[in-house]
Every structure is written in structure tokens, then in C-alpha cells.
Amino acid sequence: MNLEGFSTLTLLVGTNPLPNFVTTEYFLTTNTSLKTIILIYSEDNQKQSGTKKYADNLQELLKSRHGDKLAIKKVHLSDVGNAEKIQSDLDQLKEYLETNSSVHFNYTGGTKVMGIHVYRWLEQY
């Protein structure tokens with residue numbers, strides 16, 4: 001599988017952002033085409049614990065290491081157990097994804113349901 005050449009890395013952010021950081025750092029050293037990181041996190045509400053603070057911390061760390069040469073976008077999911085809400089929330093991504101960009105999806109963080117529905121949305125996009 002050739003992972004070089006993709007321009008957008010999409011990450012699910014869970015309560016342990018270390019795998020996302022390691023993955024991002026690896027790809028930034030091996031893939032000069034990588035320019036955009038999309039962090040997908042869960043919103044804090046009565047149904048679920050949020051992971052925004054982990055996404056914020058990861059964004060801060062990556063910005064401090066890579067500065068302005070890396071665009072970082074965040075997208076929240078309002079209900080990680082509801083497929084329709086996930087699909088609707090992911091429509092925020094359309095403005096970030098270029099029509100010619102290639103996307104790599106790392107689903108290490110987040111829940112299984114998040115992983116499945118984000119993958120399916122990206123596949124359709």
C-alpha cells in the first residue's frame with residue numbers, strides 16, 4: 001500500500017491522542033505532500049464525554065512543531081452513537097476537502113461507530 005502522496009490526514013481523536021501524534025509526525029517526515037490535518041472529536045454533552053480538549057492540545061503541539069506549513073482543522077461530532085448525526089456533522093468537512101485532494105484516514109482514536117461512519121462518509125465523498 002502506497003501511503004505517500006496524500007495531502008490530507010484525517011484523525012479520530014479519542015482520550016489518548018498519543019497514537020495520533022505519532023502517526024502525524026511519521027507522515028510529516030515521510031510525505032512532503034501532507035498539508036492538512038483534520039481532527040474529528042466528540043462534543044461533550046449528556047450522552048457522551050467530549051474529546052475537544054485532546055484535539056485542542058494536539059493542535060497546539062503540532063502547530064508549535066510545524067508552524068504555518070500545516071493547516072489543522074477540527075470537526076466535532078454531536079452524537080457519536082447516531083449514524084445520521086455523524087453523517088450530518090461530517091458535512092462540515094466539505095469546506096476543508098479539496099476536490100483533488102487525497103485523504104488518508106487514521107481511525108485509531110474515537111469509537112468503532114465513529115470509525116465506521118467517518119470511513120463511509122469519506123468513501124462517498
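1. Which residues point one way from S2, and which the other way? In this predicted model, Thr36, Ile38, Ile40 and Ser42 point one way, while Ile37, Leu39 and Tyr41 point the other way. All of these residues are buried. In a regular strand, side chains alternate between the two faces of the sheet.

2. Strand S2 covers residues 36–42, and seven of its seven residues are buried, so the strand is largely enclosed by the rest of the structure. Buried here means under 20% relative accessible area. For the chain, buried residues amount to 43% of the 125 residues.

3. S2 pairs with strand S1 (residues 8–12) in the parallel sense, over five bridges.

4. Isoleucine 38 has lysine 73 as its bridge partner in S3. Together with helix H2 (residues 52–66), S2 and S3 form a right-handed β-α-β unit.

5. The chain contains four helices and four strands. Read from the N terminus, the order of elements is β-α-β-α-β-α-β-α.

6. The radius of gyration is 14 Å, which agrees with the value near 14 Å for a compact globule of 125 residues. The C-alpha trace spans about 40 × 30 × 25 Å along its principal axes. Of the contacts between residues at least 6 apart in sequence, 72% join residues at least 24 apart.

7. The accessible surface of the chain is about 7,200 Å², and carbon and sulfur atoms account for 48% of it.

How values were computed. Residues numbered from 1 in each chain as written. Predicted model: local features only at pLDDT ≥ 70, side-chain atom pairs only at ≥ 80, totals over all residues. Heavy atoms only, no water. Buried < 20%, exposed > 50% of the residue type's maximum accessible area, 1.4 Å probe, protein only. Helix = DSSP H or I, 4+ residues; strand = E, 2+ residues; numbered from the N terminus. Pairing = 2+ DSSP bridges. Right-handed = clockwise from strand over helix to strand, strands pointing away. Rg over C-alpha atoms; globule rule 2.2 N^0.38 Å. Contact = heavy atoms within 4.5 Å. Areas by Shrake-Rupley, 256 points an atom, 1.4 Å probe, with all protein chains shown as cover.
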